[in-house]
Amino acid sequence: MTDLKNQILHGDSVEILRASPPGFADLVFADPPFNIGYKYDKYHDKKAHEKYLAWTEDWIGACAAALKPHGSFYIAIGDEYAANIKLIADAQGLVMRNWIIWHYTFGQQTKTKFARAHAHIFYFVKDPKNFTFNDEIVRVISDRQKRYRDKRANPAGKMPDDVWNEYPRICGTFMERTGFPCQMPESLLARIIRVSSNEGDWVLDPFCGSGTTATVAHKLNRLYTSMDLSEQYVEAARQRIAEAKGLPIDGESDWTEHAEDELRWLYSENKAPYKQLKASPKLLSLFTAKLNDRLRRSVPYTPQEILDRLGEMERFCKLNAQLSDRVNSI
Ligand SMILES: C[S@@+](CC[C@H](N)C(=O)[O-])C[C@H]1O[C@@H](n2cnc3c(N)ncnc32)[C@H](O)[C@@H]1O
């Protein structure tokens, strides 16, 4: 029997999973070929409709068998087969919790119809009464907090909507790009892995590609297993994981809009002005701990990074105030 723990395996995932013990994974994330003629080095992505559907049934069944009874199962898919995936999963007894739209914002331009800028991400569980869902880790700042400064707002923030806008598709020019044609953003995988598994849990991805799922699982201290038909992809993914330990989740290393919102909100709630934070290491460290606690990034912000960002915001606000004074005096 093949050793699965923390492995990227070369081979057919259905065959490998059928030869493996059932019920080892806490979380499955699957991003199969969409059957739209994508160029992979080994897999032919334009199968006859019936053949593709039969294969989809096979791999969903093999993954469901690999999942523990309390496990969660996410599937990314394009418009062409989204409805089929839902029906196949229903028939196999999986229970849908969300039908997420990933609005990846950099759609490919078209002339004769609207540009497509989304994919579907299904979120299923085996048992609707028993699953892991760490809501507090993925909460985001609410409009009540951010826009209206409403004291009644839940200070823990709100759950993100089921339309995800914050993860752009990995385009050719992105630093994160590994050279693989349809790489998922690490930060998107980080949300799924954080919310639907705990440290030490086991994450399975039957379609490794560039190895995004396994890399993020490794960075977030989960076990991983992934496989691919392509020896070249498998080698590249192993290399990516070997270099990943200690690195932040890509896309979370800078000040994201979300982190900035949280910083601004916490700063306005906190009432200690920038000068005071700068002068008091104790206050700054309390402020830092509060922000990091809210953001739960893989690599927390340092007090200096926070101070620098607040300094920039202060300068920006002052500049804006001077500008509006000048405009008003004209
Ligand atoms: C859409 S890509 C996955 C991309 C991945 N999520 C990432 O972020 O890089 C699908 C991958 O599935 C692989 N594949 C197709 N059929 C397979 C099979 N039966 N077993 C294992 N891998 C397969 C392809 O070679 C391709 O690399």
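This report describes the sheet, helices, nonpolar cores and salt bridges of a predicted model.

## Basis

The model is predicted: local features need pLDDT of at least 70, side-chain atom pairs count only at pLDDT 80 or more, and totals for chains, interfaces and linings use all residues. Residues are numbered from 1 along each chain as its sequence is written, and side-chain values use heavy atoms, with hydrogens and water left out.

## The sheet

An open sheet of mixed pairing is formed by 8 strands in the order 1-8-7-2-3-5-4-6. Strands (E, at least two residues) and helices (H or I, at least four) are DSSP runs, numbered from the N terminus; two strands pair if DSSP finds at least two bridges between them.

Strand 4 (residues 95-103) and strand 5 run antiparallel and are joined by 8 bridges; Met 96 is placed opposite Phe 124 of strand 5. With strand 6 (residues 163-164), strand 4 pairs in the parallel sense over 2 bridges, and here Trp 102 faces Trp 164 of strand 6 as its opposite residue. Strand 2 and strand 7 are parallel and share 2 bridges. The bridge partner of Leu 27 is Val 203 in strand 7.

Helix 7 (residues 212-219) lies across strand 1, strand 2, strand 7 and strand 8 (223-228), and runs at about 170° to strand 8. Helix 8 lies across strand 1 and strand 8, at about 170° to strand 1. For these angles, axes are lines fitted to C-alpha atoms, for helices over the stretch in contact, and angles run from 0 to 180 degrees between N-to-C directions.

Gly 11 is in the loop between strand 1 (7-10) and helix 1. Its relative accessible area is 18%, which makes Gly 11 buried (buried means under 20% relative accessible area, exposed over 50%, partly exposed in between, with a 1.4 Å probe and protein chains only). Apart from neighbours within four places in sequence, Gly 11 is in contact with Ile 16, Met 227, Asp 228 and Leu 229; contact means heavy atoms within 4.5 Å.

## Nonpolar cores

A nonpolar core is a set of buried Ala, Val, Leu, Ile, Met, Phe, Trp, Tyr and Cys residues joined through side-chain atoms within 4.5 Å. The largest has 38 residues, and Trp 59 and Phe 73 have the most contacts inside it. Two or more residues each come from helix 1, strand 2 (25-30), helix 2, strand 3 (67-77), helix 3 (79-91), strand 5 (118-125) and strand 7 (202-205). Helix 2 gives the largest share, 8 residues.

Leaving aside neighbours within four places in sequence, Trp 59 is in contact with Val 14, Ala 30, Pro 32, Phe 73, Ile 75, Ile 85 and Phe 207. A second, separate core has 34 residues, including Ile 121, Tyr 167, Val 203 and Ile 241.

## Salt bridges

There are 16 salt bridges in the structure, each being a side-chain nitrogen of Lys or Arg within 4 Å of a carboxyl oxygen of Asp or Glu. One of them joins Asp 58 to Arg 18, with the closest N and O atoms 3.5 Å apart. Asp 58 is in helix 2 (residues 49-66) and Arg 18 in helix 1 (residues 13-18), so this pair ties together parts 40 residues apart in sequence. Asp 58 is partly exposed at a relative accessible area of 34%, whereas Arg 18 is exposed at 58%.

Glu 186 and Arg 240 form a salt bridge with an N to O distance of 2.9 Å. This pair links distant parts of the chain, 54 residues apart: Glu 186 is in helix 6 (residues 186-196) and Arg 240 in helix 8 (residues 231-242). Both Glu 186 and Arg 240 are buried.

The 14 residues of helix 9 should span 20 Å at 1.5 Å a residue, and the end C-alpha atoms are 20 Å apart, in agreement; the expected span is 1.5 Å times one less than the number of residues. Buried residues of helix 9 include Glu 260, Asp 261, Glu 262 and Trp 265. Lys 271 follows helix 9 and has a positive phi, near 70°.

Glu 260 and Arg 309 meet in a salt bridge at 2.3 Å, N to O. Glu 260 belongs to helix 9 (residues 257-270) and Arg 309 to helix 12 (residues 303-329), 49 residues apart. Glu 260 is buried at a relative accessible area of 12%, while Arg 309 is partly exposed at 22%. A network of salt bridges links Glu 260, Asp 261, Arg 264, Arg 309 and Glu 312. The C-alpha atom of Glu 312 is separated by 51 Å from that of Gly 11, 301 residues apart along the chain.
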